[in-house]
Amino acid sequence: MSQSTPRNVAVVGATGVVGRTMLQVLLERDFPIAELRLLASGRSAGRTVEAGDRTIEIREATAEAFEGIDIALFSAGADTSRELAPQAAARGATVIDNSSAWRMDPNVPLVVSQVNPEDLEGHEGIIANPNCSTMQLAPVLMALRDAVGIERVVVDTYQSVSGTGADAIAELEEQIHAHVAGEEKHARVYPHPIAFNALPEIDVFLENGYTKEEWKIVTESRKILHLPELRISCTAVRVPVFVSHSEAVHVETTAAITPDRARRLFGSVAGVVVHDDPATHAYPLATTAAGRDEVFVGRVRQDPSVPDGRGIAFWVVSDNLRKGAATNAVEVAEALVERGWVEAAGRRGASRAPVEAPA
Ligand SMILES: NC(=O)c1ccc[n+]([C@@H]2O[C@H](COP(=O)([O-])OP(=O)(O)OC[C@H]3O[C@@H](n4cnc5c(N)ncnc54)[C@H](OP(=O)(O)O)[C@@H]3O)[C@@H](O)[C@H]2O)c1
């Protein structure tokens with residue numbers, strides 16, 4: 001198949017916040033699609049969705065629903081991915097999965113499009129999209145890794161409610177209305193009211209005292225950057241922001257680095273924009289990153305707590321639904337198409353045209 005051959009694409013979780021963004025990004029980027037199959041739970045089966053000039057009926061995500069699909073973008077939670085991704089792959093689809101189900105599987109590539117696309121080559125039908133907080137961190141850490149080396153990273157996140165999904169967006173809205181009306185704020189999705197609050201608990205607590213979200217940032221960063229021994233720590237905080245995650249990052253580098261050099265390094269990474277002029281109060285904001293595909297970096301400064309000019313501190317913001325999820329998944333799909341790696345490595349070998357015997 002050539003690069004422009006339209007593919008049969010499925011979006012699993014098409015009614016969700018990420019799934020709807022995936023649909024939007026596929027259409028915006030003109031991804032070559034033959035059939036677009038929208039899948040969700042049985043609750044949504046039969047509903048219709050407008051996708052460009054097509055009206056598409058939602059189907060229930062079952063193993064059979066992947067028959068004939070080339071690329072399946074999953075964003076329907078880890079349980080659904082664990083059950084259905086292998087079945088989709090067994091039917092010949094290549095799965096790009098947004099959940100945490102497969103990310104740390106040593107046989108599954110975990111890919112940020114501008115950081116480690118070469119890891120896609122050997123995929124066996126399932127590819128993992130990193131956690132949204134890891135996603136925006138990896139391209140800027142890559143720039144430091146390649147130029148001056150990284151010894152240690154400390155990252156604290158300020159994560160929006162859309163990272164939890166549609167229910168959490170509704171909960172923040174309800175609590176804001178309740179506050180304005182002088183009523184009690186009820187929490188269903190989070191353990192405490194999220195409106196006018198900051199919750200240092202994202203995902204479940206682990207035995208080591210970290211939350212699972214914090215530990216995802218630790219383990220996923222090491223895998224993506226190919227730095228298995230990287231010293232990295234994180235505190236992940238949910239804040240009452242609708243879209244975009246922000247991160248305060250402190251990096252101890254191997255060689256000295258200045259803020260000017262760091263800005264140049266960050267600005268040279270595809271998809272990274274430096275927005276850094278304290279004199280005019282210019283720095284990345286959640287509201288300006290929302291709806292954009294880039295990772296924004298600012299507040300770049302020397303960290304004087306690290307000796308010999310080897311400490312650098314900065315602020316990273318990105319739209320968690322776009323680069324943090326949907327855009328990266330579509331970029332991975334584009335990379336597979338461009339490189340001729342859509343089919344699983346085993347199938348590419350098996351399906352190669354037979355070599356003609358010399359006459
Ligand atoms: N939000 C983010 O920033 C973000 C970033 C990266 C990764 N993710 C991951 O993406 C996934 C979805 O997140 P979201 O924010 O889009 O959540 P969401 O808004 O709650 O949407 C969940 C989607 O999953 C579908 N679903 C639920 N159970 C299903 C089942 N048994 N079979 C098939 N489909 C099922 C839902 O379909 P119905 O409408 O039919 O229930 C809906 O389409 C999660 O794994 C999440 O961790 C989210």
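I began with Arg 37, which counts as buried because its relative accessibility is 9%; I take buried as under 20% relative accessible area, exposed as over 50% and partly exposed as in between, with a 1.4 Å probe and protein chains only. The model is a predicted one, in which local features need pLDDT of at least 70 and side-chain atom pairs count only at pLDDT 80 or more, while totals for chains, interfaces and linings use all residues. Residues are numbered from 1 along each chain as its sequence is written, and side-chain values use heavy atoms, with hydrogens and water left out.

**Entry 1: surroundings of Arg 37**

I placed Arg 37 in strand 2, residues 33-40; helices (H or I, at least four residues) and strands (E, at least two) are DSSP runs, numbered from the N terminus. Leaving aside residues up to four places away in sequence, I found that Arg 37 touches Val 9, Ala 10, Val 11, Arg 59, Ala 65, Phe 66, Glu 67 and Ile 69, where contact means heavy atoms within 4.5 Å. I then looked at Glu 67, whose backbone oxygen lies 2.8 Å from a polar atom of the Arg 37 side chain. A polar contact is a pair of N or O atoms within 3.5 Å; within protein, one must be able to donate a hydrogen and the other to accept it, and residues adjacent in sequence count only if both atoms are side-chain atoms.

The side chain of Arg 37 also meets that of Glu 35 in a salt bridge of 2.8 Å, N to O, a salt bridge being a side-chain nitrogen of Lys or Arg within 4 Å of a carboxyl oxygen of Asp or Glu. Glu 35 is partly exposed, with a relative accessible area of 31%, whereas Arg 37 is buried at 9%.

I traced an open sheet of 6 strands in the order 5-2-1-6-7-8, with parallel pairing; two strands pair if DSSP finds at least two bridges between them. Strand 5 (59-60) and strand 8 (126-128) stand at the edges with a single partner strand each, so one side of each has no neighbour in the sheet. Strand 7 (residues 94-97) pairs with strand 8 in the parallel sense over 3 bridges, and I noted Ile 126 in strand 8 as the bridge partner of Val 95. Across strand 6 (71-74), strand 7 and strand 8 lies helix 8 (residues 322-339), which runs at about 150 degrees to strand 7; axes are lines fitted to C-alpha atoms, for helices over the stretch in contact, and angles run from 0 to 180 degrees between N-to-C directions.

**Entry 2: strands 12 to 14**

Strand 12 (residues 272-274) and strand 13 (residues 295-302) run parallel and are joined by 3 bridges, with Phe 296 as the partner of Val 273. Strand 13 is in turn joined to strand 14 (residues 311-318) by 6 bridges, and these two run antiparallel; here I noted Ile 312 as the partner of Gln 302. In the loop between strand 13 and strand 14 I found Asp 308, a residue other than glycine with a positive phi near 65 degrees. Asp 308 is exposed, with a relative accessible area of 64%.

A positive phi, of about 70 degrees, also occurs at Asp 203, again not a glycine. Asp 203 sits in the loop between helix 4 (166-180) and helix 5 (212-225) and counts as partly exposed at 34% relative accessibility.

**Entry 3: aromatic pairs**

My search of the whole structure gave 4 aromatic pairs. Among them, Phe 66 and Phe 74 are stacked, at 5.5 Å centre to centre and 10 degrees between the planes. Rings of Phe, Tyr and Trp (its six-membered ring) pair if their centres lie within 6.5 Å; planes under 30 degrees apart count as stacked, over 60 as edge-to-face and the rest as tilted. Both Phe 66 and Phe 74 are buried.

**Entry 4: further salt bridges**

The count of salt bridges comes to 19. One of them joins Asp 79 and Arg 82, with the closest N and O atoms 3.0 Å apart; both residues lie in helix 2 (residues 78-90), 3 residues apart, about one turn of the helix. Asp 79 is exposed at 62% relative accessible area, while Arg 82 is partly exposed at 43%. Arg 292 forms a salt bridge with Glu 294, the closest N and O atoms being 3.1 Å apart. I also recorded a network of salt bridges that links Arg 29, Lys 323, Glu 331 and Glu 334.
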